[in-house]
Amino acid sequence: MSTSDVVRLEAFTACYPEPNDNNNLRYLTFARVESSDGAVGWGEAITQFPAAAAATEALIAEWGPLVVGRDPVETHAVWTSIKQEAWWYGFRGGIASFALSAIDIALWDLKGKLLGQSLSGLLGGAVQTRLPVVASTHAFHPSLQTEVERHAAYVHVDGYKGVKIGMGKRGDAHLGYDIRRDVDFVRSLRAELGPDAMLMMDRGQHLRWTLAEAVARTRAFEEHGLTWIEEPLEPADVEGLKKLRAQVSTLVAAGEREWNAEGYENFLRNGSVDVVGCDVGRAEGITGALQVIALVERLGLWFNSHAWSSAINTAASIALSASTTRCLLQEMKPDANPMQNEIVASPFVHRDGYIDVPTGPGLGVEVDEAELRKYAWRR
Ligand SMILES: [Mg+2]
């Protein structure tokens, strides 16, 4: 037990241009909790879209009485109260999971600050003291040669251990639509990267491949050394993913759109996936993500945090990823961006392609509230 209670819970949405996504506007909804002795904790939901952000803010505001007055040390008890409150509209996840994620992360941050413990310490310690880092971006330039050079530079100039590339994204790259062009791109990129860099290709949501198209691309890509193929089919197509997995040798990644441990359990039970995507700002916070990690470990799969938003999410993600031996890498957005580089006092930077586990109290990041408020979403 700590000696202070939560006295305030606030929701706040930031709207910002994301350079790693062709400068498109993205939305993040934050929860801010404050204790009676003035300590502050921050959490985040990766709401991404205005409607989701508005709904998440409303839920957080409505749930104030479930959080205010509680002991911030009791993260599991508060999480359980919220799950019970949301029994009707949060069953199988949805927006309620966003709101719960933001609150839960904020409470863990506050708990760590009150107890003088890092999140990693609160989780029982890191089993990996540092994680290899890959640059995770979307292809958007019309010239694929430019995209080859850009991604090779992340490895050779900036020191990342590899690259993950989103296809079918906004912008003018049009990757994922023409198989010969896609395979030429992967071949050229591998030649520039050299043999050792990790390479992952991620089908974007705007693309739809048939099973045959997904298999053909994966087989062609894997000839050039592929660490994994991500969401080659829609995640609901469990039978398709299973068939694809049986026909390729590369790891198959999916799962980032699941909401909670029950959803992951249903999804993973079918043996359709090797690498399990999970966003702590979506899958019911740190408390929820820990349940997903336990499942991943039990099934002998790989955990991959979908950390593509703010430094608050990144901090929680690194601590979670480092808490298990079943994690291959940490993704980071390589180009400087507001939510990673402006809203915290010390942005995350890798050293020689590895990121250290944060050691400061709570999440280990110091949020610059004035900087964050500059990005306040004005409706
Ligand atoms: Mg993805």
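Is tryptophan 87 buried or exposed? Select it: tryptophan 87 is exposed, at 59% relative accessible area (buried is under 20%, exposed over 50%, partly exposed in between, with a 1.4 Å probe and protein chains only). This is a predicted model, where local features need pLDDT of at least 70, side-chain atom pairs count only at pLDDT 80 or more, and totals for chains, interfaces and linings use all residues. Residues are numbered from 1 along each chain as its sequence is written, and side-chain values use heavy atoms, without hydrogens and water.

**Metal site.** Go to the magnesium ion. Its protein donors are Asp202 (OD), Glu230 (OE) and Glu256 (OE), 2.0 to 2.4 Å away (donors are N, O and S atoms within 2.8 Å of the metal, or 3.2 Å for Na, K and Ca; water is not among the atoms, so sites may look incomplete). Aspartate 202 is buried at 8%. Glutamate 256 is buried too, at 15%.

**Aromatic cluster.** Now select Phe12, Phe30 and Trp42, which form one aromatic cluster (rings of Phe, Tyr and Trp, the last by its six-membered ring, pair with centres within 6.5 Å; planes under 30 degrees apart are stacked, over 60 edge-to-face, the rest tilted). Phenylalanine 30 has 0% relative accessibility and counts as buried. Its pair with tryptophan 42 is edge-to-face: 6.4 Å centre to centre, 85° between the planes.

**Charges over rings.** Finish at arginine 282: its charged end sits over the ring of tryptophan 259, 3.7 Å from the centre.

Terms used
Lys NZ or Arg CZ within 6 Å of the ring centre and 35° of its normal.
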